[in-house]
Amino acid sequence: MGCGGSKATKTTDSDGIFIDSIHVPDTEDGYPPPRPPRDRKEKVFREEDCQEIDDNAKKVSHSADNGSNNVTNVNDSAENVSDSAENAPRSIAKDYSTLVAHVTKGARNDVEKARGLFAWLGAQRIHDQSYPNVKDAHSPEGYMKTIKQGNGNYAAFFALLCRAAGLPCVIVRGVGKGAIYQVGQQEDDVSQYKSMWNAVYVDGQWRLVHPRWAFTGVAGFNTGGWTKVEQSGQAVRQKEQASSGTHVYSFDEEWFFPDPDRFIYTCRADNADWQLMKSPWSMYKFVNVPHFEWEYFTSGLKLVSEHAAILKCKKASPAAKVLRGKPNSTFKEVKQEAQRWMREEGSIASEQSSSTALEMEQLRLTVAALTAKLDQPPQSASQPPSQRRASVCDVNFEHAATEKVGLDYALFFDEERSEDSLPEGLQLDRYVIELVDQKHKGMRVRFPVRGIYKLDIKCITGYVKSQIVAFRLDNDSVTEDAQPFPINPEIGFGYGQKAEDAGLSKPSQVKGIMVVRQGERIKFQFRCTEKLEIQSLLVHKDQSASELAHHVAQDKSGDEVTITVNVPEHAQNPEYALQVNVRPEGTSGEFENVANYLLTHGKDTADSDESSDGDLRSKLVSATDDRDIDRLEKTIREFEKAGLPDLGDLTRARKTLIELHEQALRDATQARDLDKLEAAIHSAKTSCVAHHLQGRESLTDAEAVRNLLRRLKLYMHKILELKPMTVSEIHSYKRPLPLVHTVMNATYLLLGENQSKLKKWEYIQALLRKQGREGIIRRIKEFDIVHLNKSKLHQAESKLDTCSKDEVRLVSAGAGTFYVWSDQIVHEGKEEEKEKK
């Protein structure tokens, strides 16, 4: 299902009365300024905590005449909306105050108010309902009628609902990558995809909501133009047909309070402040990032290859182009040719032409290398057919070793926009392979012809496949007679979880691709943790495993297994796959494929372990532009290890890395998340720019907050050990001893409760009865001293001064635990006051 666009069809209701639209201002005076939210979504909102408010809101619905023929609800059963909607009073949507009072009934805070309004709006089939004799657009039912007519919108309606409930709510205007968007489209196209959403102020921070995309969409929409050519290892020739799709209702949680750093991949506010990002994105960056789906962010996978919507195939460097042009020249002539190329290409280069910039960097290094070898003849660039490099493109992800995820794919080709056409008889069933190890998953695409391709990648978790990302792949250079891979195994190439689970450990070769020479002898070694029978097969695209059986041998000594491959000689296309299959020893069942290795004759351009100087420099420039801290750290180390000269690119990379570490430290400090702080501080102190970070405010502040949070965690330890029965015992006191009342009064003061209410023990009892997010243990667990009210700190201190730890413990061990926590928090609060003075 695609996200809906921003335009609606203008219609009249069944009563024939068309009502004029009303102006809803984007914002109102007195609203807090836009700032990035301090908390992640999971800390602010949990769906299970709002089940009651959801259920209540969905029962309050405008009565509907469901007569539409072209609108469906994709998840009625999950939301259980229709029955309760029919029983709701018809007058409920006639004015905002009545509606809001019913919808937010039982809401304990602003988050639950916003959630109730969101849930109610999601329960309305606005385009299905009829609004007989409704003439006033200033009422809820009137505004719903304007939406149906096409002169109202969901963002404005949600703003009206929130404002009626006393919640500041802004209408945000921008662009969105909805159903019509095609990965790789540039600014001219994307700037036309207008969209509107909201920012609502709850819990002291702005949170994003996109109600239209949460509740409506387009199922089956397709722009057409692409031809699916390969899917899941199978050849396909399926031309996609253009379709306007069907309007559907839904209830998509992802559009409620999405984190801005995820939301930005799909929607970009025109006003940079309302992106709610510390570093807002330009339109150029927005259109050039990968097209991630929401499932990517929860998949456990992290893209570690190029972070771009359009991936260029890896091909020969400009240096190689120059060499091919002058195969018999001296290095002096080649240098002159390279300099001429640089002058011509440099005159049309621009900052936004990243590919040209990278090639220029490569050539600068090429000229430097050529200068040192002027008298040596160049190697000829002409190679025998079997040694030509294929054009390839890699997409690589990282994941935790414990994360059990798989990948699936579909490859598409654009006949209309491509330079070449796919030959009629060509079957693409082995032009995409998966590469795996225990911490990585990836795809390699080999291109049979020049042209524009699209790669859709799905994540497999259990039996569920979810689309996570799409890339456009551009290939403008291809070798003659590009060959498919020998096989396309379902488990991919490399040593991964499958082999380990089967009982093979300690592999001598983890990576799935090995560059080999004809006639070379290669050994693969494993240790068996189970009693296994092992089968090793060598496979070629044109030869059967039985024909190549004499090139493979295996030896088992104890639990050690060695597989030896003698790479055949004199083959026209010397590329092979080694399959490692196992079955339990002593059984006669089928062998199971657990590992595969691609033995390739020459290097697909991406396989070079000893990167050329130009490739390393290009990699450094690309990593700097991508601003991925892990990738940039690794690339700088590789560059420094190679001893390459700094042409300004290394200085820029180091400066960028320092900025990224400082930003990560500030983010972790502001989030006040101990795990994130520990990780950010460790990363900064072990970085290749660690000496530049030492003594900087970002690091010292992070360490100070880290140390404070460590102490708070220590203080909390005894609280977390309290059993629910202990809390129940305290709350069961009808007339508690004064010491117990005093301690619980001080504890709840620190948690933000009002002193006048805490004077009554019945109020404290009511607080102690609460569970889940409002329970006292959970509140203490999520307590942060930075939000501590100073007047309440001093009130709590005066309460605690009237008693001692030992006195309290004598009357109640549970109250004694709360006394210790409160006393330590008071001490920390006073220390923080001293530091500020």
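This is a predicted model: local features need pLDDT of at least 70, side-chain atom pairs count only at pLDDT 80 or more; totals for chains, interfaces and linings use all residues.

Colleague: Let me start with S232: does it count as buried, exposed or partly exposed?

Modeller: S232 sits in the loop between β7 (226–231) and β8 (234–239). Its relative accessibility is 35%. Buried means under 20% and exposed over 50%, so S232 counts as partly exposed.

Colleague: What is the phi of S232 near?

Modeller: Most residues other than glycine have a negative phi. S232 is not a glycine, and yet its phi is positive. The value is near 50°.

Colleague: And L276, which has a positive phi too: is it buried or exposed?

Modeller: L276 has a phi of about 55° although it is not a glycine. The residue lies in the loop between β10 (267–269) and α12 (283–287). Its relative accessibility is 3%, so L276 counts as buried.

Colleague: Which class do the residues in the contact of α5 with α8 belong to?

Modeller: On the α5 side, the contact is made by Y96, L99 and V100. On the α8 side, F157, L160, L161 and A164 take part. The contact has no polar and no charged residues, and seven that are nonpolar.

Colleague: How are α20 and α21 oriented to each other?

Modeller: Helix α20 (residues 649–671) packs with helix α21 (residues 674–685), their axes being 9 Å apart. The angle here is about 160°, and α20 passes α21 in a left-handed crossing. Angles over 145 degrees count as roughly antiparallel, so α20 is, relative to α21, roughly antiparallel.

Colleague: How many charged residues does the contact of α20 with α21 have?

Modeller: From α20 come H661, A664, L665, A668 and T669. They meet K676, L677, A680, I681, S683 and A684 in α21. By class there are seven nonpolar and three polar residues in this contact. Lys counts as charged, and the number of charged residues is one.

Colleague: Now for charged pairs: how many salt bridges does a search of the whole structure find?

Modeller: Such a pair needs a side-chain nitrogen of Lys or Arg within 4 Å of a carboxyl oxygen of Asp or Glu. Some of these join into a network, including the one that links R38, D39, K43 and D203. For the whole structure, the search finds 43.

Colleague: How many residues apart are D26 and R173?

Modeller: The two form a salt bridge, with the closest N and O atoms 2.9 Å apart. This pair links distant parts of the chain, with D26 in the loop between β1 (2–3) and α1 (41–44) and R173 in strand β3 (residues 169–176).

Colleague: K94 forms a salt bridge with E141; is E141 buried or exposed?

Modeller: The closest N and O atoms of K94 and E141 are 3.1 Å apart. K94 lies in the loop between α4 (82–86) and α5, while E141 is in helix α7 (residues 140–149). K94 is partly exposed, with a relative accessible area of 44%. E141 has a relative accessibility of 7%, so it counts as buried.

Colleague: D259 forms a salt bridge with R207; what is the relative accessible area of R207?

Modeller: In this pair the closest N and O atoms are 3.2 Å apart. D259, in the loop between β9 (246–249) and α11 (260–263), is 52 residues from R207 in strand β5 (residues 205–209). D259 is buried at a relative accessible area of 5%. R207 is buried as well, with a value of 1%.

Colleague: Last one: which residues is S505 in contact with, leaving aside neighbours within four places in sequence?

Modeller: S505 is in strand β20 (residues 504–505). At 15% relative accessibility, S505 counts as buried. With those sequence neighbours left aside, its contacts are Y495, F526, R527 and T529.

Methods
Residues are numbered from 1 along each chain as its sequence is written. Side-chain values use heavy atoms; hydrogens and water are left out. Contact means heavy atoms within 4.5 Å. Helices (H or I, at least four residues) and strands (E, at least two) are DSSP runs, numbered from the N terminus. Buried means under 20% relative accessible area, exposed over 50%, partly exposed in between (1.4 Å probe, protein chains only). Axes are lines fitted to C-alpha atoms, for helices over the stretch in contact, and angles run from 0 to 180 degrees between N-to-C directions. Angles under 35 degrees count as roughly parallel, over 145 as roughly antiparallel, 65 to 115 as roughly perpendicular and the rest as oblique. A crossing is left-handed if the near helix is turned anticlockwise from the far one by less than a right angle, and right-handed if clockwise.
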